[in-house]
Amino acid sequence: MSHCCSCHGSTVASRATQILKDEHRVIEGVLDSVEQMLRSGRIDKAFFTSALDFFRNFADGCHHHKEEDELFPVLEAAGVPKDGGPIGCMLNEHEQGRRLLKRVSENLDGAAGGEPAAVAAVQTAAGDYISMLRFHIQKEDDVLFNLADQMLSEAQQKAMIEAFDRAEQHNGDPGKHERYLKLADSLRKQAFGVG
Ligand SMILES: [Fe+2]
Ligand SMILES: [Fe+2]
């Protein structure tokens with residue numbers, strides 16, 4: 001299992017972008033699990049509630065928080081345009097993700113109760129979220145993080161890793177990161193079966 005957080009000490013990342021890439025792999029795993037559950041055609045309320053928890057608190061909370069508060073401002077200061085450029089595009093997609101998660105959440109009770117319109121709304125919003133986030137992650141990995149690696153000095157990467165660690169430790173819940181890695185694992189087992 002890969003560790004996606006430098007503060008756990010088992011993997012010492014030398015680049016802040018590597019920490020974000022490792023988190024992408026965890027997020028992609030949960031996207032695969034949700035896609036698998038959607039294929040079954042059944043809306044399992046407990047599964048989707050846990051998946052929403054993961055996307056809101058790990059993907060959007062922990063991960064996007066690092067990008068929006070630490071990486072993007074440093075890139076912007078280094079000259080990467082925000083409006084009309086790659087940073088603005090990434091921020092718009094984070095917002096789009098929040099709207100899609102809200103639509104899943106609002107329709108989940110109805111869908112779990114078998115209401116056809118709510119089932120369709122959950123399937124469409126979750127499907128759109130999966131496609132959007134996969135492509136978003138690919139753009140960050142292949143374009144924006146490569147750009148960051150070219151632009152940021154070793155000292156800037158190191159300072160950013162320290163800022164990520166502070167964000168992890170000071171959110172009032174130091175075990176949060178590890179708990180969400182376990183949740184990702186549990187969702188995979190629920191979707192694909194154990195073993
Ligand atoms: Fe992002
Ligand atoms: Fe990301």
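I began with the pair formed by helix 1 and helix 4, and noted that their crossing is left-handed. I then listed the residues that make this contact: on helix 1 they are Thr17, Leu20, Lys21, His24, Ile27, Glu28, Leu31, Val34, Glu35 and Leu38, and on helix 4 they are Gln123, Ala126, Gly127, Ile130, Leu133, Arg134, Ile137, Asp141, Phe145, Ala148 and Asp149. I keep in mind throughout that this is a predicted model.

For the geometry of the pair, I looked up the axes of helix 1 and helix 4 (residues 116-151), which come within 10 Å and cross at roughly 160°.

Next I turned to helix 6, which covers residues 176-192 and so has 17 residues. From its first C-alpha to its last, helix 6 reaches 24 Å, close to the 24 Å expected at 1.5 Å a residue. Among its residues I looked for the buried ones, and found His177, Tyr180, Leu181, Ala184, Leu187 and Ala191. Seen down the axis of helix 6, these buried residues fall within an arc of 120°, so I record them as lining one face of the helix. On the face turned away from that buried side, I found the exposed residues Arg179, Lys182 and Lys189.

I then asked myself which helices the buried residues of helix 6 pack against. They pack against helix 1 (16-40), helix 2 (45-77) and helix 5 (154-169).

Of these partners I followed up helix 2, which packs with helix 6 at an angle of about 140°, their axes being 10 Å apart. The crossing in which helix 2 passes helix 6 is left-handed. From helix 2, I listed Phe47, Ser50, Ala51, Phe54, Asn57, Phe58 and Cys62 as the residues that meet His177, Tyr180, Leu183, Ala184, Leu187 and Gln190 in helix 6.

Last, I looked at one further residue of helix 2, Phe72. Is Phe72 buried or exposed? I count it as buried, because 22 other C-beta atoms lie within 10 Å, where 20 or more are needed. Leaving aside its neighbours within four places in sequence, I found Phe72 in contact with Glu67 and Ile87. I also checked Phe72 against Gly88, and noted that the two are 16 residues apart in sequence and 9.4 Å apart in space, C-alpha to C-alpha.

Terms used:
Residues numbered from 1 in each chain as written. Chains lettered and ligands numbered in written order. Predicted model: local features only at pLDDT ≥ 70, side-chain atom pairs only at ≥ 80, totals over all residues. Helix = DSSP H or I, 4+ residues; strand = E, 2+ residues; numbered from the N terminus. Expected span 1.5 Å × (residues − 1). Buried ≥ 20, exposed ≤ 12 C-beta atoms within 10 Å, placed from the backbone. Arc of directions from axis to C-beta. Contact = placed C-beta atoms within 7 Å. Axes fitted to C-alpha atoms, helices over the stretch in contact; angles between N-to-C directions. Left-handed = near helix turned anticlockwise from the far one by under 90°.
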